[in-house]
Amino acid sequence: MQFKGLLLFSFLGVLLVTSVCGQTLQEALDATNLSWTTTGSGGSPGWAAQTTTSYDGVSAAKTLLVVADPNQQTATLQTSVTGPGTLTFWWKGSAPDFDGSQLALMVGSATVAKVSDYAHWTQQTVYLSAGGQTLKWVYTLPPYAPGTYAGYVDQVTWTRGSTAPVVSVPPFGQSVVPGLNATFYIRAGGTPPYGFQWQFNGADIPGATNASCTISNVQVPNLGTYRVVISNAVDVIISPPAELEFGQLAAWGYGANTDSRGTAPVGATNVLQISAGWQHNLLVRNDTTILNWGATNVVQANVPGLGSNIWHAAALAGSGAVLDANGIVSTWGSGAITNVPLGLSNVVALAQGPTASCCLALKSNGQVVAWGDNSTLTNVPANVSNIVSVAVGELHCLALRSDGTVLSWGDNSAGQRNTPFTSLYSSTNRVVAIAAGLNDSMALRSDGTVFVWGSNVYGQTNASGTVKGALAIAAGVFHCLALKTNGTVVAWGNNTYGQINVPLGLTNVVAIAAGGFHSLALVGAGSATGVSVSSPRLTGSNFSLVVPSQCGRVFELDYRTSPTSNVWSVLPLTAGMGTSLTLTDTNAVSPQRFYRIRRW
């Protein structure tokens, strides 16, 4: 890697960068009133000025990293200030933090901020208390990371003086499943230290004097309005109010105190379907309207006119997709996922995958259509037919056939496409549900056993074959969920943000979803296992019946020849279509047959 005009002077391991393409670090950072130094480890020489990528269109500081180095690298940019005061700057990374890359600001030894949206420039404001403060922008790169990864900082401003308190992130209004806990958070700005006093319906809550307030075992008397009084040496303010109501959704993991993706929102009732994405979530209500919450860059980009007639939704990375009652797909957000193929129709389900760089649509004829940012994923193999369910990871796709076998395409660098056929299939069992994580794959067998293969960085595959009695599965970036027949949820894998900390007392769950680093569970919206039946009919050797179906679910008609037999014969799996679904046995020729319907 070459940098034209780069002059480096080393003194006791500290690199003083004086000029790159005519720009010093002070000039590139727009902070000539501050003194800057830079250091590096693991082969990285630190930071330097450059003019290729910047927020202001002129120049910015960028990390200097070694391509695919076997060592973990760090690049540190450092300055010192005397508080109190306010620090503002723009920054971004070019790599997601889930693989070990991270751009963070440290004040002394404490990390106070991290880049959360690595693809875009983000403005950061930090309020510092009185006294001398050492500021460090530290970029960490894991071993063998691609050379395209980097961190950037631009337009640093330091303003001395005390500031009155401000609300940086207000408490989120939320719903809670009766009997579970609810936690409100506040993120305050202004000159620290701060004082907090939470209030319920205008009255102080004894002992609630921290930046968060937890209401345990929520019951009717706890429902109402919460807010917090924030104070510092300059002034006293009151936060916006946040409502607490009952709902059907439990949420946990990343975003509970930053952008609400890890919180169940107000209005989470009468829910038909849920989907968890990288930065946001979607739910479809029984009245076919949607609710979209989480990171504002996705939520605020919602497509106008999507208020009703929605049957299925998929929260994807930086974007969303919904399916209406006519089988038409609409999208919003960023990236090529928003470029829905012209003429796409008769769609019955959309892929679920929080890290996906493409979108998959399942058509009523069992064909799959793919589009998005990665041609490896969007080139669907010719043998992908008779499909009843689809799933997509970051760089690989899964499809479930009506005969219960799994097809895949895309990347296989972590073995995520190495389906364990020998252990997965048997004469009496087949796959009935699939899910895809970042670099791992999940399958649910008809006997309730869960299998996981591919990357095992966080123990995702350790539970393969050991989780039993499941009727639904979901995969996040590095964590896995399974819904059991008794209505409880089990979770395993990465727990950096508490995404596998299933809330105590969570029962009666009927559906689950796994986001990037958060999890959702739908409670009490009917039975997780029961399916109502109507219009049974025998015409010659054709037996049929009708069941209500949902997009994204899979149905199976089984039969046995005696009411006391334990041997069930299975018919092909069928994809739910949102409307009444007819299940048929075209060879009902035995003297008698007894039927059951299963749904996943």
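Two strands pair if DSSP finds at least two bridges between them. Strands here are DSSP runs of E with at least two residues, numbered from the N terminus. Keep both in mind for the first stop.

Before you click, some housekeeping: this is a predicted model, in which local features need pLDDT of at least 70, side-chain atom pairs count only at pLDDT 80 or more, and totals for chains, interfaces and linings use all residues. Residues are numbered from 1 along each chain as its sequence is written, and side-chain values use heavy atoms, with hydrogens and water left out.

**Stop 1**

Select strand β35, residues 440–445, together with β36: five bridges join the two, and they run antiparallel. Pick Asp440 and look across to Gly454, its bridge partner in β36.

**Stop 2: the nonpolar cores**

A nonpolar core is a set of buried Ala, Val, Leu, Ile, Met, Phe, Trp, Tyr and Cys residues joined through side-chain atoms within 4.5 Å; buried means under 20% relative accessible area, exposed over 50%, and partly exposed in between, with a 1.4 Å probe and protein chains only. The largest such core has 64 residues, and Leu350, Leu360, Met442, Val450 and Trp492 have the most contacts inside it. Strand β34 (residues 431–436) gives the most to this core, six residues. Apart from it lies another core of 32 residues, including Val177, Val218, Leu244 and Leu481.

Zoom in on Leu360 next. Setting aside residues up to four places away in sequence, Leu360 touches a set that includes Leu350, Val369, Val392, Cys397 and Trp409 (contact means heavy atoms within 4.5 Å).

**Stop 3: a pocket and a cavity**

On a 1 Å grid over the protein atoms alone, a cavity is a set of points where a 1.4 Å probe fits but cannot get out; a pocket is an open set with protein on both sides within 12 Å along at least five of seven lines, and lining residues have an atom within 4 Å of a point. A volume is the space filled by probe spheres set on the points, which are joined across faces, edges and corners.

Which residues lie nearest the centre of the second largest pocket? Select Ile274, Gln352, Ile512, Gly552 and Arg553, out of 45 lining residues. The volume of this second largest pocket is about 860 Å³, and β22 gives the most to its lining, with six residues.

For the cavity, select Pro171, Phe172, Gln174, Thr183, Phe184, Tyr185 and Ala256, which line the largest one. Its volume is about 30 Å³, and strand β13 (residues 182–185) supplies the largest share of the lining, three residues.

**Stop 4: two single residues**

Go to Thr134 in strand β9 (residues 122–141). Thr134 counts as partly exposed because its relative accessibility is 29%. Gln78 is 56 residues away from Thr134 in sequence, yet their C-alpha atoms are 7.3 Å apart.

Finish at Gly343, in the loop between β27 (329–333) and β28 (347–350). Gly343 counts as exposed, at 68% relative accessibility. Draw a distance from its C-alpha atom to that of Thr488, 145 residues apart along the chain, and the separation is 41 Å.

Terms used. Helices (H or I, at least four residues) and strands (E, at least two) are DSSP runs, numbered from the N terminus.
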